[in-house]
Amino acid sequence: MSDVVIEVSRVKRTYKTEIGYIKKKRKEVDALKGISFTVKKGEIFGLLGPNGAGKTTMIKILTTMLTPTSGKVSVLGLNPVTETKLLRPHINFILGGERNLYWRLSAYDNLAYFSDLYKIPLSEQKERINELLELVGLKEVAHQRVETFSKGMKQRLQIARGLVNNPEILFLDEPSIGLDPVSARKLRDIIRQLNNNGTTILLTTHYMFEADELCDRIAFIDKGEIVDIDSPQNIKQKTDNVSVIDFTIIGGNDMKINQLSSLPGVQHVQTKNEDILTSIKLHTNNPQTVVPLIYETMQEVVIQDLSITKPTLEDVYVQLIGGKVS
Ligand SMILES: Nc1ncnc2c1ncn2[C@@H]1O[C@H](COP(=O)(O)OP(=O)(O)OP(=O)(O)O)[C@@H](O)[C@H]1O
Ligand SMILES: [Mg+2]
């Protein structure tokens, strides 16, 4: 077999629901509209996209929890729909915000419980669980009840839970959601360490820097379709001749901000209000001529902290998916 461990080909998924109380109406949502991609053994692959893009739907299909409406899926050479039982021992998943730990049990006992579910022989459990608790930094509190844990500790225990069967592929849906910056960094270290030990990882995240830091390749997905798929490096290089001009003004001035988007050479304008300040980001491939035009347009407005930088992955994401914001 080749080194491809996940193969997704023209996958569609339509949800059929009923809306309304008195007059029930059928509603169909096309969550995935014919998605294709492959993941290679040993990769960290990121699925990125806005709320409702179809990321969790895709993960549920790959992890045997949901059936595609049409298309072909293969995970480790197996069909998740018809070969569920064969596939499950080889994969594991952690879905964001999931609460499937037993709060009254200790960290150790939780892992013992899930090891039993995966039929890990008792003789191997103790060593494996201790290894996992060590990996996620919970050895000291192994015998403490989970209800006494912070969110970060629970999330790390979830990761350990996802590893009890030593999966070949680990699926992580928004693993760092709600974590403080230090805990999120620890989690990234764990993900990297797992990957160095040979685990293939497919993750979703809304944090672009996280995807940039971790992923070998990413797929941008929007409204059920793939917009781009490549390494973060290559995706950023596609905008190589683009610069980002960043500055802040006091107050908002919609008319002048609108004028910025029609300046020659300006490709994209994005604004964000923070208290009395409005921060403005503008994409252009000609900053030399655009900067003086900005000052001219924004006359009588105090411009602070103007800088010209190269696009980050987040900038590219906003340009590809965010549409024109002005
Ligand atoms: N069980 C369901 N029944 C009906 N519609 C659903 C169901 N689950 C998801 N959807 C719809 O399918 C689309 C894709 O949802 P999905 O949860 O896959 O998005 P997502 O990319 O994971 O978003 P988020 O970033 O918010 O987690 C959305 O329009 C959502 O409303
Ligand atoms: Mg989701």
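The chain contains 11 helices and 13 strands. The model described here is a predicted one. Along its principal axes, the C-alpha trace extends over about 75 × 50 × 45 Å. The chain has 326 residues, of which 33% count as buried. Among contacts between residues at least 6 apart in sequence, 71% join residues at least 24 apart. The chain is divided into two domains, with domain 1 covering residues 4-236 and domain 2 covering residues 240-310. The centres of domain 1 and domain 2, taken over C-alpha atoms, are separated by 39 Å.

Strand E1 (4-19) and strand E2 (25-40) pair in the antiparallel sense, with 13 bridges between them. Within this pairing, Glu 7 has Thr 38 of E2 as its bridge partner. E1 and E2 form a hairpin with 5 residues between the two strands, and Gly 20 in the turn has a positive phi of about 90°. E1 also pairs with strand E4 (residues 70-75), again in the antiparallel sense and over 5 bridges. Here Lys 12 finds its bridge partner in Ser 70 of E4.

The residues around ligand 1 are Tyr 15, Thr 17, Val 29, Ala 31, Gly 49, Asn 51, Gly 52, Ala 53, Gly 54, Lys 55, Thr 56 and Thr 57. The elements that give two or more residues to this shell are E1, E2 and helix H1 (55-62). H1 supplies the largest share, 3 residues. By class, the shell is made up of 4 nonpolar, 7 polar and 1 charged residues.

The buried residues of H1 are Lys 55, Thr 57, Met 58, Ile 59, Lys 60, Ile 61 and Leu 62. After H1 comes Thr 64, whose phi is positive, near 75°.

An α-helix has 3.6 residues a turn, so residues three or four places apart point the same way. H3 is followed by Lys 119, which has a positive phi, near 55°.

Strand E10 (residues 243-250) pairs with E13 in the antiparallel sense over 5 bridges. Val 244 has Thr 309 of E13 as its bridge partner. Strand E13 (residues 303-309) has 7 residues and the number buried is 0, so E13 lies largely in the open.

Notes: Residues are numbered from 1 along each chain as its sequence is written. Chains are lettered from A and ligands numbered from 1 in the order in which they are written. This is a predicted model: local features need pLDDT of at least 70, side-chain atom pairs count only at pLDDT 80 or more; totals for chains, interfaces and linings use all residues. Helices (H or I, at least four residues) and strands (E, at least two) are DSSP runs, numbered from the N terminus. A residue is near a molecule or strand if its C-beta atom, placed from the backbone, lies within 6 Å of it. Ala, Val, Leu, Ile, Met, Phe, Trp, Tyr, Cys and Pro count as nonpolar, Asp, Glu, Lys and Arg as charged, and the others, Gly among them, as polar. Domain bounds come from an automatic or database domain assignment. A residue is buried if 20 or more other C-beta atoms lie within 10 Å of its own, exposed if 12 or fewer, and partly exposed in between; C-beta atoms are placed from the backbone. Two residues are in contact if their C-beta atoms, placed from the backbone, lie within 7 Å. Two strands pair if DSSP finds at least two bridges between them.
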